[in-house]
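Here are my notes on this model, set down as numbered points. Have the structure open while you read.

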Amino acid sequence: MLRMILLALAAALGSACVVNIPASWFGSSSSSFELDGVKIHYDDGVFEIDGVELEHDRWISLGGTLDAASTKLQVLTATGSIDVEASEDRAYALDVHLYSEIEGDGEVLFEHGRLVARSAGGHKLLVNEVRGRAPDGLDARFESGMGHVVVRGFSGPRMDIDTGMGDVDATSLRVSELVIGAGMGAVAVTDSEGARLQTDNGMGDITLSGVRFDVITLDAGMGGVIVRDSEARELEADLGMGTLRLADTRLTYLTADIGMGDLVFEGNSPAPE
């Protein structure tokens, strides 16, 4: 069983976020992962980067307006969650959980649309959790190494959501392209619309409810998929182990490749020709 989980996780994760299965599965609470090119070790509540322990943490409140030159929004966390909703225009009001090598060291700010932590003395810092309101209307990326990602009310050309181990909950989005990757975790997209929706899960269920996309592509290693009260011109599903359930959903074209599982139509869901 563990081998199957590892294979599913490896298949789902991209190069940006690599997670080793927590050693807690084998009797301890240690884990290691890579986030945006930085290797992070986590053991009994203590983060370590390049052999340096980040023993201190505090919450920082951050508010303002993103500069006019920024066309992208990027928020990354380590093991903590991202829980944000869209603000008006380019304004933001965020609470950020910061870990530091030195007590009281570091600041958090946006640089060209990317949320970063900076130390005047060059010491190690790590953003572990973010919540609040974030700028809207941008090309957005939300990524957590081992945390949940919750986003609400955003619009824009594209949104990428990635988590190594955690659930994704996306609600009321109006984006041209929505791309979601979850190594181990459930994905839920609700009341959202756009041109293209793509999800890639190693292990976890996918639930789409009230979505309207031209093209929907669903890839799940281990997990079921339910699409409810939704519409798409084309839906393509590739499931290793799990059932694809279509409930009150209208599709023009459907392609389903299911290794172990069933294709089920429920309610007013006519089978595409």
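1. Surface first. Accessible areas here come from the Shrake-Rupley method with a 1.4 Å probe, and for residues only the protein chains shown count as cover. On that basis the chain has an accessible surface of about 12,200 Å², and carbon and sulfur atoms account for 46% of it.

2. Some ground rules. This is a predicted model, in which local features need pLDDT of at least 70 and side-chain atom pairs count only at pLDDT 80 or more, while totals for chains, interfaces and linings use all residues. Residues are numbered from 1 along each chain as its sequence is written, and side-chain values use heavy atoms, with hydrogens and water left out.

3. Overall make-up. Of the 273 residues in the chain, 45% are buried (buried is under 20% relative accessible area, exposed is over 50%, partly exposed is in between, with a 1.4 Å probe and protein chains only). Taking contacts (heavy atoms within 4.5 Å) between residues at least 6 apart in sequence, 37% join residues at least 24 apart.

4. The largest pocket. It holds about 490 Å³ of space, and 19 residues line it, with Val38, Arg114, Leu125, Leu126 and Val127 the closest to its centre. Strands S3 (38-43), S7 (72-77), S11 (114-118) and S12 (125-134) are the elements that each give two or more residues to the lining; S11 has the largest share, with five residues. A pocket here is an open set of points on a 1 Å grid over the protein atoms alone, where a 1.4 Å probe fits and protein lies on both sides within 12 Å along at least five of seven lines; lining residues have an atom within 4 Å of a point. Points are joined across faces, edges and corners, and the volume is the space filled by probe spheres set on them.

5. What lines that pocket? By class, the lining has twelve nonpolar, three polar and four charged residues. Nonpolar covers Ala, Val, Leu, Ile, Met, Phe, Trp, Tyr, Cys and Pro; charged covers Asp, Glu, Lys and Arg; the others, Gly among them, are polar.

6. Salt bridges. The whole structure has twelve, each a side-chain nitrogen of Lys or Arg within 4 Å of a carboxyl oxygen of Asp or Glu. One of them pairs Glu177 with Arg158, with the closest N and O atoms 3.1 Å apart. Glu177 is in strand S17 (residues 174-184) and Arg158 in strand S15, so this pair ties together parts 19 residues apart in sequence.

7. Two more pairs worth a look. Asp229 bridges to Arg212, the closest N and O atoms being 4.0 Å apart. Asp229 sits in the loop between strands S22 (225-228) and S23 (231-241), and Arg212 in strand S21 (residues 212-222), so the link spans 17 residues of sequence. Arg233 and Asp214 meet at 2.9 Å, N to O, joining S23 to S21 across 19 residues. Arg233 is partly exposed at 36% relative accessibility, and Asp214 is partly exposed at 34%.

8. A network to check. Salt bridges with shared partners join Arg158, Asp160, Glu177 and Arg196 into one network. Is Asp160 buried or exposed? Asp160 counts as buried because its relative accessibility is 16%. Asp160 is in strand S15 (residues 155-165) and, neighbours within four places in sequence aside, contacts Ala140, Arg141, Phe142 and Val179.

Definitions and conventions
Helix = DSSP H or I, 4+ residues; strand = E, 2+ residues; numbered from the N terminus.
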